[in-house]
Amino acid sequence: MSNVTVIGAQWGDEGKGKIVDWLASRADIVVRFQGGHNAGHTLVVGDQVYKLSLLPSGLVRGKIGVIGNGVVVDPEALLAEIGRVSAQGLNVTPETLWIAENAPLILPLHVATDRAREAARGDRKIGTTGRGIGPAYEDKVARRAIRLCDLAEPETLDWKLDELLLHHNTLLAGLGAATFEKADIRAHLDALAPKVLPFMCAVWDRLDAAKRDGRRILFEGAQAVMLDVDHGTYPFVTSSNTIAGTAATGSGVGPGAVGFVLGIAKAYCTRVGEGPFPTELNDETGRLIGERGHEFGTVTGRARRCGWFDATMVRQATVVGGVNGLALTKLDVLDGLDEIRICTGYELDGQTVNVFPAAPGAQARVTPIYETIPGWRETTRGARSWADLPAQAIKYVRRIEELVGVPVTLLSTSPERDDTILMRDPFQD
């Protein structure tokens, strides 16, 4: 049996939560391997709606959830989320939730730095969630991060705080923002330590044992390939690598453990925050798609920008991300449209190009080249087999496969878990 890695194949918010939840019922362990609590998954289970940011989706299905070393963890946000889902009846204990001992922590000073810098950017703001994700990753790379294991060593924590405050207070003062006192940060961490340290463990070792025992592991990515800090629409990206290869480095397993890579894409396209979006629709169709798809960020509540499916971008994401198959979500949102467009390439400075350029100026100048196909009048909502789909909807899915170059292996037709058409079981690959 193969492991499965799930990543977004657009700009995030593709409906990964439902797909991961659906797959989690077939897995033994679900691992978050990058990102922070800027990511959000909404899971609908019966009459319960769970909104998760840090916790792996598998916990909702009674599976072991793992937060890997590639995730930056805000301990206060984590404990608050555990409290919320526990009130909904989930059992979150050190037996069901493992957190890597070497996971970097997000502190209040990271949040302050994030917001102060974003404010200073003015019209050139990136559109961060202001939750300290970027500054925490910067500290990790700069080798001054406080990691979860440091909370168990008071002497280590003491000198690390000195180094951290030297950097952030200097930066905050330069930006005209309030600075932090060491005693306040220390008291904050000392209060949190006994609550979060019980979840700490050598994740890499436990995952190795699970692998040897033949247990199925589902690796759950946050954001999406086009928000990858290397391969996305830089600088309008997240602060971590979101491609499937990060599942290995972000959880302490070898690259062979990544298994089948499932890329999630909507049947159209959305984006939250700033940055280029060639197929964005600033018209009635865009508004209609947003309303039907309930396009608001799980974490931020911000309205998502909506547009047509960009096959050129998704093809690029599948190549860079190592995607073996696509899960196409929210097909039902397109029901009833007279015609549907698919972006098959771009025009850039008078030339046709088939890749999304890396340079910000070029990204802003590309215009989409569209192929228009007829829509369908029948409903696809709730379909659970190919026989339930209108012929034109099937043609649309097949055309996406041709343009992207990988098969659609799962098709989602509503937020409900069971409204899913399976063409190929990723765990059987």
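**Strand 5, its sheet, and some side-chain contacts**

Let me start with strand 5, which pairs with strand 6 (residues 97–100) in the parallel sense over three bridges, where pairing requires that DSSP finds at least two bridges between two strands, and where helices (H or I, at least four residues) and strands (E, at least two) are DSSP runs numbered from the N terminus. What we are looking at is a predicted model, in which local features need pLDDT of at least 70 and side-chain atom pairs count only at pLDDT 80 or more, while totals for chains, interfaces and linings use all residues. Residues are numbered from 1 along each chain as its sequence is written, and side-chain values use heavy atoms, with hydrogens and water left out.

On strand 5, the bridge partner of Ile-67 in strand 6 is Ile-99, and Ile-67 is also the bridge partner of Arg-32.

Strand 5, helix 2 (residues 75–87) and strand 6 make a right-handed β-α-β unit, meaning that, with the strands pointing away from the viewer, the path from the first strand over the helix to the second runs clockwise. Stepping back, 10 strands form an open sheet of mixed pairing in the order 7-6-5-2-8-1-9-13-17-18. Which are its edge strands? They are strand 7 (200–201) and strand 18 (420–422), each of which pairs on one side only.

I turn now to the rings. Those of Phe, Tyr and Trp (its six-membered ring) pair if their centres lie within 6.5 Å, with planes under 30 degrees apart counted as stacked, over 60 as edge-to-face and the rest as tilted, and by this rule there are three aromatic pairs. One of them is Tyr-346 with Phe-356, edge-to-face at 5.5 Å centre to centre and 85° between the planes. Tyr-346 sits in strand 14 (residues 339–348) and Phe-356 in the loop between strand 15 (351–353) and helix 11 (360–365), 10 residues apart, and both are buried. Trp-376 and Tyr-396 form a tilted pair, at 5.9 Å centre to centre and 50° between the planes. Trp-376 lies in the loop between strand 16 (367–374) and helix 12 (391–404), and Tyr-396 in helix 12, so this pair ties together parts that are 20 residues apart in sequence; both residues are buried.

Arg-206 lies over the face of Trp-98, at 4.9 Å from the ring centre, and Arg-398 over that of Trp-386, at 4.6 Å, the criterion being NZ of Lys or CZ of Arg within 6 Å of the ring centre and within 35 degrees of the ring normal.

Finally, an unreviewed UniProt entry places the feature "binding site" at Asp-13 and Gly-40, with the caution that annotations may be inferred rather than shown by experiment. Asp-13 is in the loop between strand 1 (4–8) and helix 1 (16–24), and it counts as partly exposed because its relative accessibility is 22%. Not counting residues up to four places away in sequence, Asp-13 touches Lys-266, Thr-270, Val-272 and Arg-304, contact meaning heavy atoms within 4.5 Å.

Notes. Buried means under 20% relative accessible area, exposed over 50%, partly exposed in between (1.4 Å probe, protein chains only).
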